[in-house]
Amino acid sequence: MQYRQIFEDAIHKLKTEQRYRVFADIERHAERFPSALWRDDSGKAHDVTIWCSNDYLGMGVNPEVIAAMKSAASRHGAGAGGTRNISGTSHPLVQLEAELADLHGKDSALLFTSGWISNLAAISTVADLLPNCLILSDALNHNSMIEGVRRSKAERQIWRHNDVAHLEELLAAQPLERAKLIVFESLYSMDGDISPIKEICDLAEKYNAMTYIDEVHAVAMYGARGGGVAEREGQMHRLDIIEGTLAKGFGVVGGYIAASAAICDAVRSFAPAFIFSTALPPAICAAATASVRIAKTQPQLRMAHQRQAWLTKHALMNAGLPVLPNPSHIVPVMVRDAQLCKAATDLLITRHNIYIQPINYPTVPTGTERLRITPTPYHSDAHIAHLVESLVDVWTTLRLPFVEPLKVESPFANDATCTYPAVTMKRAAE
């Protein structure tokens, strides 16, 4: 058997389908974020502006977060020493779990090495512990949630995305006494839409179901203390399990669940992905704890972020770029062609020193390829103006279709510190 040829053929197939992913060599500047160095194929370094980071609030470069990591590393060392079952639990990890439980108003929290692992471990373990459980999963749930559902031995049904009528139809068809687990996200990161949390909780109570919500793209970002969309909408107390990440809004790494003490203890005791995984290092935990505390006490960070996200989204709309409308901080600019999507990002980085990764299948369905833009509080109005001008040039160069410009009055118009980015440009003939 020609083993090597099998792998080469698999990669060739990805390339011919325009699905091959190229990793950019990026070096972030902690003191100059969102500026970074990009090294091209020849190794030459170029200054670029990052516009696609999930470090939404720039917490990864926050001086307090960096200082906490340095201090903990000096005191406790670089690693955790092993699994929590073997090496014990470091005190910074204990502190972090307490902060996360408090953030979500739950009895307990349990840390994992990533948000992907926390979904895989928690969903599968909870569902398998519930007798004769039925998992009801939103059609657009993240891959990690899908893998958690698949790993479970429980029966599963898929309900149409954010369609509570379909969810109720599926729930109503089951005996009231049957164990049921509704699995969904608060904010879907590719389209930027938000789930009807209250209505889902209403159905869970009516039909005797448990709820599991993924808040990974919302923690630190929404709510009075950064507890997520559920906190903003006053629904945290109604949700059985809240899953989040430390790698996006909190700017570090790791995942977690927050729930009752019994649920967290059960997952801790039965989930192989937890039992056999090395714990997060103390320095990571200390940095994440600092980030969570900042999010709880500094809502002005969220306000600054929402301002820049709104300005970016609507400046692009005003320029006639095809932004997918949504109520969140995610800014999807639709290309709808894999090859052109990659060509657009190549032009942005080589011609305009803007780094945005193309989003192609399987992350999004074929025909919905896009640029996923994520503003931060560190992106200035000048950054926004440059982004818009650059995208208009790329759209014109590649003959991508513009749409009717959408003029929307800024909710920040009365803020004396806000100046809407002045974007004046001339399109070449399409």
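Reader: Let's start with a strand. Is strand E5 (residues 134-138) mostly covered or mostly open, and how many of its residues are buried?
Author: Keep in mind that this is a predicted model. Strand E5 is mostly covered, with five of its five residues buried.

Reader: How should I think about the two faces of a strand, and which residues of E5 lie on each side?
Author: The general idea is that side chains in a regular strand alternate between the two faces of the sheet. In E5, Leu134, Leu136 and Asp138 are on one side, while Ile135 and Ser137 are on the other, and both faces are covered.

Reader: And what does E5 pair with?
Author: Strands of a sheet pair through backbone hydrogen bonds, either parallel or antiparallel. Here E5 runs parallel to strand E6 (residues 155-159), joined by five bridges. If you want a spot to look at, serine 137 sits opposite isoleucine 158 in E6. To get from E5 to E6, the chain passes through helix H6 (residues 143-151), and this β-α-β crossover is right-handed. E5 also runs parallel to strand E7 (residues 180-185), this time with four bridges. There, leucine 136 faces isoleucine 182 in E7.

Reader: Which way do the neighbours of E9 run?
Author: You get both senses here. Strand E8 (residues 210-214) pairs with E9 in the parallel sense over three bridges, and tyrosine 212 stands opposite isoleucine 241 in E9. Strand E10 (residues 255-259) is joined to E9 by four bridges and runs antiparallel. In that pair, look for threonine 245 across from glycine 255 in E10.

Reader: What about helices? How do I describe two that pack together?
Author: You give the angle between their axes and the distance between the axes. Take helix H7 (residues 164-172) and helix H8 (residues 197-206): the angle is about 10° and the axes are 10 Å apart. That angle is why H7 counts as roughly parallel to H8. Val164, Leu167, Glu168 and Leu171 of H7 make the contact with Glu199, Ile200, Leu203 and Lys206 of H8. By type, the contact has five nonpolar residues, no polar ones and three charged ones.

Reader: At what angle do helix H5 (residues 115-129) and helix H10 (residues 261-270) pack?
Author: About 100°, with their axes 10 Å apart. So H5 is roughly perpendicular to H10. On the H5 side you'll find Ala122, Thr125, Val126 and Leu129, which meet Ile263, Ala266, Val267 and Phe270 in H10. This contact has seven nonpolar residues, one polar and no charged.

Reader: Last one: in the open sheet of three strands, what is the strand order?
Author: The order is E11-E14-E13, with antiparallel pairing. Strand E11 (331-334) and strand E13 (358-359) are at the edges with a single partner strand each, so one side of each has no neighbour in the sheet. E13 is joined to strand E14 (residues 370-373) by two bridges, and proline 358 has leucine 371 in E14 as its bridge partner. Helix H15 (residues 381-397) packs on the sheet and touches E11 and E14, its direction making about 175° with that of E14.

Definitions and conventions. Residues numbered from 1 in each chain as written. Predicted model: local features only at pLDDT ≥ 70, side-chain atom pairs only at ≥ 80, totals over all residues. Heavy atoms only, no water. Axes fitted to C-alpha atoms, helices over the stretch in contact; angles between N-to-C directions. Parallel < 35°, antiparallel > 145°, perpendicular 65-115°, else oblique. Contact = heavy atoms within 4.5 Å. Nonpolar A, V, L, I, M, F, W, Y, C, P; charged D, E, K, R; others polar. Buried < 20%, exposed > 50% of the residue type's maximum accessible area, 1.4 Å probe, protein only. Pairing = 2+ DSSP bridges. Right-handed = clockwise from strand over helix to strand, strands pointing away.
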